[in-house]
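Please consult the sequence and structure shown below while reading.

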Amino acid sequence: MRGSSLVSHIGPVTVKTPEHSGRVAFVTGAASGIGQQTARQLAIDEGASVYVADRDAEGAARVVGEISDAGGRAHAVVVDLADTAALSRDIASLTDTFGPPDILVNNAGMVVTLPASGYPLDIWNTTMALNVTAPMLLIQHALQHMQAKGWGRIVNIASISGVRAGTGRLAYGSSKAALIALTRQFAIEAAETGVTVNAVAPGPVDTPMVRRLQGDSDRALYADMIPMRRYAAPKEIADSVLFLASERAAYVTGHTLAVDGGFLAAGVFVRNLFVRPSAAKA
Ligand SMILES: NC(=O)c1ccc[n+]([C@@H]2O[C@H](COP(=O)([O-])OP(=O)(O)OC[C@H]3O[C@@H](n4cnc5c(N)ncnc54)[C@H](O)[C@@H]3O)[C@@H](O)[C@H]2O)c1
């Protein structure tokens, strides 16, 4: 256990050292939404030195400022992860400040919803580059260090759209399914070296991405499909990432954890079926 004991005037007290102090985390898409919340919790609550990686320089600087103001350590990495040629070339220089990561959270992602027939090739390619190829390159880079150290945690943010189809989600759903498969591939190769590789599959989360995509009527429609009938807060997704990054999840690898208010569990799902008069008679 990482912690120390001391005795106060009211008796013995255990002061717990934050679980990830002395460790380095790299969180992509950390200027906003789920990534921002995850970076904050890793740095402020768990003591990691965190790279806030994003193409949004202003947003990344703001999140670094928030973490520093709360007493944590963070550094902004401004990078367009969809430019996989540049990423592959410059990858080592991205982690110069704190050194290579012990924890990698592949969170940056994009979604463009359009009909499958005629889906534009350029949008397909960019979605695959950001949602699949960039995580693959970052994992390859981080694994060298993690395996040499004998400890590492990799968490990929997938989606329920990688498990079940969603209207207009040809590129997004295919990319998230590929990210889930990629999670398993790396997990079995890294399994004997102290490194775990897992994914989180959120359902709808209340973030700027979703607010950009959906109006109020869409939101009510989506919420009705979720057994819990509400969107997740970013913290509920970040908490699951922190669990998978913790010692408590040391024996969990290759797993995709749905954090979705019951969405994937539901098949034929009729709200209030048993309070309807017709159902009561049957
Ligand atoms: N919000 C949801 O309902 C939901 C549901 C399931 C999965 N997800 C997944 O969660 C992840 C985060 O989503 P969010 O809702 O927090 O989104 P968000 O839009 O709030 O944040 C995404 C961040 O990624 C950054 N980003 C986008 N393209 C980038 C690029 N090319 N290079 C570097 N950074 C880039 C953006 O600047 C932004 O800061 C995504 O992978 C998304 O697919 C979200």
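In strand 6, Ile 103 is the bridge partner of Ala 25. The model is a predicted one, in which local features need pLDDT of at least 70 and side-chain atom pairs count only at pLDDT 80 or more, while totals for chains, interfaces and linings use all residues. Residues are numbered from 1 along each chain as its sequence is written.

Strands (E, at least two residues) and helices (H or I, at least four) are DSSP runs numbered from the N terminus. Two strands pair if DSSP finds at least two bridges between them.

| Partner of strand 3 | Bridges | Direction |
|---|---|---|
| Strand 4 (residues 49-54) | Five bridges | Parallel |
| Strand 6 (residues 103-106) | Three bridges | Parallel |

Opposite Phe 26 stands Tyr 51 of strand 4. Between strand 3 and strand 4 the chain passes through helix 1 (residues 33-45), a right-handed β-α-β crossover (clockwise from the first strand over the helix to the second, with the strands pointing away from the viewer).

Strand 3 (residues 24-28) has five of its five residues buried (20 or more other C-beta atoms within 10 Å of the residue's own, placed from the backbone). Val 24, Phe 26 and Thr 28 point one way, whereas Ala 25 and Val 27 point the other way.

The ligand is surrounded by 29 residues, the closest being Gly 29, Gly 33, Gly 109, Thr 207 and Met 209. Helix 1 and helix 6 (208-213) each give two or more residues to this shell.

Key:
A residue is buried if 20 or more other C-beta atoms lie within 10 Å of its own, exposed if 12 or fewer, and partly exposed in between; C-beta atoms are placed from the backbone. A residue is near a molecule or strand if its C-beta atom, placed from the backbone, lies within 6 Å of it.
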